[in-house]
Amino acid sequence: MAVRAVPAVGTGLTTTKAPFIEQAQAEGRLYIHQPYELYSEANHDAWRRLFSRMEERWRRYANPRFIQGIDSLCLDPNRMPRLEDVNRFLSPLTGFKAKPVSGYIPSFLFFDSLRNREFPTTITIRDGATLDYLPEPDIFHDIAGHVPMHTDRAFADTLVRFGDCAHTAAEIVAGIEDEKEKIRRVTSIFKALARFFWFTIEFGLMRQGSELKVYGSGLLSSYGEIAHSVDSPDVQRYPMQLEWVINQYFEIDRYQPLLFIVDSFDHLFELVGELEGWMREGRLNNVAPGEPAISEPDLRSFLEAPVGR
Ligand SMILES: [Fe+2]
């Protein structure tokens, strides 16, 4: 009986099962290229199925700027997106680009990328057998959930301002001598930033006349939760309150029971400015404990950040 050798490459770019990604991670390479030829037919099929079932949900639940974004990026519903093609349509609109990464990017570097109008983008796609549940981001979440929002000027500027916030945080922390206090302060500011990001960029709702529309990418890339977030009586929906959001813990592995509503993208932009102001005033130094915890790479990324740029 012949034994067939397993090829090191060419086996697809499926989340947690991609040798190309494993190799990049083993070599410590965060920024990579998108080896488009490695996508398998099963990968293209997963994209096609994810995209086609979302289309009617987007038309019904997504905010109009997202719908316009989907249209202006000219995503192919049937084939995995090529980041170069996406960027050809995206960059002239807001200067943003999707930048391929091998996996998790430490928090400061992630925000710093946004400041440079680069969005760290996962290139793997979930296994077609589990379209619904995926703990880690994939290309469908990043390209179909996040990137269409980056075609909107106010939204794009909001992300850049997030990057400014991360720099402000690094500057504040760099000025603290006591090592223990430094770590305590980064941890608290990180929680506030991560919570704000979660309840807006990932899970935000927006008022649209008498209706609520979705603009958060975690919702925009979830077939089940996009409808649940707007229709279910089990979800608490409140007008955005900064003092609440920065103190509110969240869990990532379930439908969100609590969501916050902003009035517009200009409103969102102003809120990030307010967040930065609060940081400078010391109001993010003692936020409520709880999720998210700061990981060692996240912590180090802030402590080792270049300041004064
Ligand atoms: Fe995301």
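**Close-up 1. The two faces of helix H10.** On the side of H10 turned away from its buried face sit the exposed residues Gly224 and Asp231. The model is predicted: local features need pLDDT of at least 70, side-chain atom pairs count only at pLDDT 80 or more, and totals for chains, interfaces and linings use all residues. Residues are numbered from 1 along each chain as its sequence is written. H10 spans residues 223-231, and Glu225, Ile226 and Ser229 are buried in this helix. A residue is buried if 20 or more other C-beta atoms lie within 10 Å of its own, exposed if 12 or fewer, and partly exposed in between, with C-beta atoms placed from the backbone. Helices (H or I, at least four residues) and strands (E, at least two) are DSSP runs, numbered from the N terminus.

**Close-up 2. What H10 packs against.** The buried residues of H10 pack against helix H2 (41-61), strand E3 (205-208), strand E4 (211-214), helix H9 (217-220) and strand E6 (258-262). Two residues are in contact if their C-beta atoms, placed from the backbone, lie within 7 Å.

**Close-up 3. The open sheet.** Four strands form an open sheet in the order E4-E3-E6-E5, with mixed pairing. E4 and strand E5 (236-239) are the edge strands, and each pairs on one side only. Two strands pair if DSSP finds at least two bridges between them. On average, neighbouring strands of this sheet are turned by 40° against each other, direction ignored. E3 and E4 pair in the antiparallel sense over 4 bridges. Leucine 205 stands opposite valine 214 in E4. H10 packs on the sheet and touches E3, E4 and E6. The direction of H10 makes about 155° with that of E4.

**Close-up 4. Helices H7 and H8.** The axes of H7 (residues 153-174) and H8 (residues 179-202) come within 10 Å and cross at roughly 170°. Axes are lines fitted to C-alpha atoms, for helices over the stretch in contact, and angles run from 0 to 180 degrees between N-to-C directions. H7 and H8 are therefore roughly antiparallel to each other. Angles under 35 degrees count as roughly parallel, over 145 as roughly antiparallel, 65 to 115 as roughly perpendicular and the rest as oblique. From H7, Phe162, Cys165, Ala169 and Val173 meet Lys182, Arg185, Val186, Ile189, Leu193 and Phe197 of H8. By class, this contact has 8 nonpolar, no polar and 2 charged residues. Nonpolar covers Ala, Val, Leu, Ile, Met, Phe, Trp, Tyr, Cys and Pro; charged covers Asp, Glu, Lys and Arg; the others, Gly among them, are polar.

**Close-up 5. Proline 120 in strand E2.** Proline 120 lies in E2 (residues 118-122). Proline 120 is buried, with 21 other C-beta atoms within 10 Å. Its C-alpha atom is separated by 5.9 Å from that of proline 100, 20 residues apart along the chain. Not counting residues up to four places away in sequence, proline 120 touches Lys99, Val101, Ile105, Phe110 and Ser113.

Close-up 6. Cysteine 74, in the loop between helix H3 (64-73) and helix H4 (83-94), has a positive phi of about 50° although it is not a glycine. Cysteine 74 counts as exposed, with 11 C-beta neighbours inside 10 Å. Arginine 117 lies in the loop between helix H5 (107-115) and E2, and its phi is near 60°. A cis peptide bond joins glutamate 291 and proline 292, with omega about -5°. Proline 292 lies in the loop between helix H12 (265-281) and helix H13 (296-303).
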